[in-house]
Amino acid sequence: MYFAALLTLTEDGWVASDTELDDVETLADLTDLAREASPDDDTVLVFIEQEDAWFGIVRVEGEEDPRIFVSDGAAAARSSYGEILTRELLGDDRADDTADLDALDLDGTEDGEPDDTEEETQAAAETVPAAPVGDRLILDDLGMSEKELLALGTDALTEIADALGASEMLETVR
């Protein structure tokens with residue numbers, strides 16, 4: 001079970017909204033969702049949490065590249081939304097393997113090559129560290145240090161919202 005919420009830092013403080021991730025298949029989809037939440041290029045934090053297994057934060061500011069933090073890379077890599085984040089963080093471009101086939105020098109020997117097997121997918125997830133990955137300073141300028149972020153437990157999103165002064169907002173969307 002996933003929980004996802006958007007927190008937007010406006011001139012008037014934090015504004016929270018829950019969000020559906022049903023149409024999110026890539027980091028670009030997630031980034032677009034965050035940008036839609038803030039037409040004024042405010043700071044938007046996307047929180048994704050999978051019941052006590054891992055949490056992730058994507059920070060989007062205007063047109064800058066998103067900043068990402070995941071609490072447990074290996075656990076996240078085994079889930080659909082976590083895989084989106086860890087693939088971006090660790091440079092796994094398997095989703096881009098089908099890009100521009102005309103540019104490849106194909107001699108026909110590639111026909112019949114099997115797609116990734118379940119074992120290969122599992123092996124790829126196992127290469128992701130069972131530790132925090134990404135931008136550990138993602139919340140530093142908002143009131144939560146790297147040390148505090150890395151020390152978070154199972155109720156991480158509530159603790160983050162408390163540190164940011166947005167706990168009431170987050171609870172209303174929960």
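A: Start with pairing, in this predicted model. Two strands pair if DSSP finds at least two bridges between them.

Q: What makes β1 and β2 a pair?
A: The cut-off is at least two bridges. Strand β1 (residues 2-10) is joined to β2 by 6 bridges. So the pair is called on the bridge criterion. The two strands run antiparallel. One of the bridges links L7 to A16 in β2.

Q: What is the strand order in the open sheet?
A: The sheet has 6 strands, in the order β2-β1-β3-β4-β5-β6. Their pairing is antiparallel.

Q: Why are β2 and β6 called edge strands?
A: Each has a single partner strand, so one side of each is left without a neighbour in the sheet. β2 covers 13-18, and β6 covers residues 133-134.

Q: Which helices contact the sheet strands?
A: Helix α1 (residues 27-37) lies across β1, β3 (43-50), β4 (54-61) and β5 (67-70). It runs at about 60° to β4. Helix α6 (residues 156-164) packs on the sheet too, touching β1, β2, β3 and β4. The direction of α6 makes about 155° with that of β3.

Q: Which residues of α6 are buried, and what do they pack against?
A: A156, L157, T158, I160, A161 and L164 are buried. The buried residues of α6 pack against β1, β2, β3 and β4. They also pack against two helices, α5 (146-150) and α7 (167-173). Just after α6, G165 takes a positive phi of about 75°.

Q: Why does V133 count as buried?
A: Buried means under 20% relative accessible area. V133 has 9% relative accessibility, and therefore counts as buried. V133 is found in strand β6.

Q: How do you know what V133 touches beyond its neighbours within four places in sequence?
A: Contact means heavy atoms within 4.5 Å. By that test V133 is in contact with I68, F69, V70, G73 and L89. The C-alpha atoms of V133 and D72 are separated by 6.9 Å. Along the chain these two are 61 residues apart.

Q: What share of the protein is buried, and what share of contacts joins residues at least 24 apart?
A: Of the 174 residues, 38% are buried. Among contacts between residues at least 6 apart in sequence, 57% join residues at least 24 apart.

Q: How many helices and strands are there, and what pattern do they follow?
A: The protein has 7 helices and 6 strands. Along the sequence they read β-β-α-β-β-β-α-α-α-β-α-α-α.

How values were computed
Residues are numbered from 1 along each chain as its sequence is written. This is a predicted model: local features need pLDDT of at least 70, side-chain atom pairs count only at pLDDT 80 or more; totals for chains, interfaces and linings use all residues. Side-chain values use heavy atoms; hydrogens and water are left out. Helices (H or I, at least four residues) and strands (E, at least two) are DSSP runs, numbered from the N terminus. Buried means under 20% relative accessible area, exposed over 50%, partly exposed in between (1.4 Å probe, protein chains only). Axes are lines fitted to C-alpha atoms, for helices over the stretch in contact, and angles run from 0 to 180 degrees between N-to-C directions.
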